[in-house]
Amino acid sequence: MLWEAFLAKVQERGEYESPQEAERAARVVLALLGAHLVGEERAELAADLPETFALILLNPLQAVEPLDPARFVRATAAWIEGATEETAKWDVGAVLSVVADAADEDLMQRVLLQLPPDFDLLFGHPRSA
């Protein structure tokens, strides 16, 4: 996916006023996501993203422990100036839904297996029961 297309989708889904706001959200969310993924899945997911975002996903700070979805949202809020948990939830959903659209279904299932329960909801792809 091209940089402009990725940012345009994030901007649309997040209802951001500018591409810069969409980019800020994407950088934070992908850095946090990258800290939770390892191996082939992280590399394959990165291959579906624009190069700059792929590098962010591939070179994150390592998480001390996996964050459940609520803590992931709180961490996002902490990294985005002026964000609240509610706005961070919106940021996470906007970015991760575009990431999910960029990946095929098999890859998304393998990514979700690496993440704590209920992360599927943040990607906008609830697991079937």
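The model is predicted. The protein contains 8 helices and 0 strands, and from the N terminus on its elements run α-α-α-α-α-α-α-α. The radius of gyration is 13 Å, close to the 14 Å that the globule rule gives for 129 residues, so the protein is as compact as a globular protein of that length. The C-alpha trace spans about 35 × 30 × 30 Å along its principal axes. Of the 129 residues, 47% are buried. Among contacts with a separation of 6 or more, 66% are accounted for by residues 24 or more positions apart.

Helices α2 and α4 pack with their axes 7 Å apart, at an angle of about 35 degrees. On the α2 side the contact is made by E23, A26, R27, L30, A31, L33 and G34, and α4 contributes T52, F53, I56 and L57. By class, this contact of α2 with α4 comprises 7 nonpolar, 2 polar and 2 charged residues.

Helix α3, formed by residues 39–47, has E41, R42, L45 and A46 as its buried residues. These residues cover an arc of only 130 degrees around the axis, which puts them on the same side of α3. On the other side of the helix, E40 and A47 are exposed. The cover over the buried residues of α3 includes α2 (19–34) and α4 (51–58), together with α6 (85–102) and α7 (105–114).

The loop between α2 and α3 holds H36. The relative accessibility of this residue is 10%; because buried means under 20%, H36 counts as buried. A polar atom of the H36 side chain lies 2.8 Å from the backbone oxygen of L32. When neighbours within four places in sequence are left aside, H36 is in contact with A63, E65, P66, L67, F72, Q114 and L115.

Key: Residues are numbered from 1 along each chain as its sequence is written. This is a predicted model: local features need pLDDT of at least 70, side-chain atom pairs count only at pLDDT 80 or more; totals for chains, interfaces and linings use all residues. Side-chain values use heavy atoms; hydrogens and water are left out. Buried means under 20% relative accessible area, exposed over 50%, partly exposed in between (1.4 Å probe, protein chains only). Helices (H or I, at least four residues) and strands (E, at least two) are DSSP runs, numbered from the N terminus. The arc is that of the directions from the helix axis to the C-beta atoms. Contact means heavy atoms within 4.5 Å. A polar contact is a pair of N or O atoms within 3.5 Å; within protein, one must be able to donate a hydrogen and the other to accept it, and residues adjacent in sequence count only if both atoms are side-chain atoms. Axes are lines fitted to C-alpha atoms, for helices over the stretch in contact, and angles run from 0 to 180 degrees between N-to-C directions. Ala, Val, Leu, Ile, Met, Phe, Trp, Tyr, Cys and Pro count as nonpolar, Asp, Glu, Lys and Arg as charged, and the others, Gly among them, as polar. The radius of gyration is taken over C-alpha atoms; the globule rule is 2.2 Å times the number of residues to the power 0.38.
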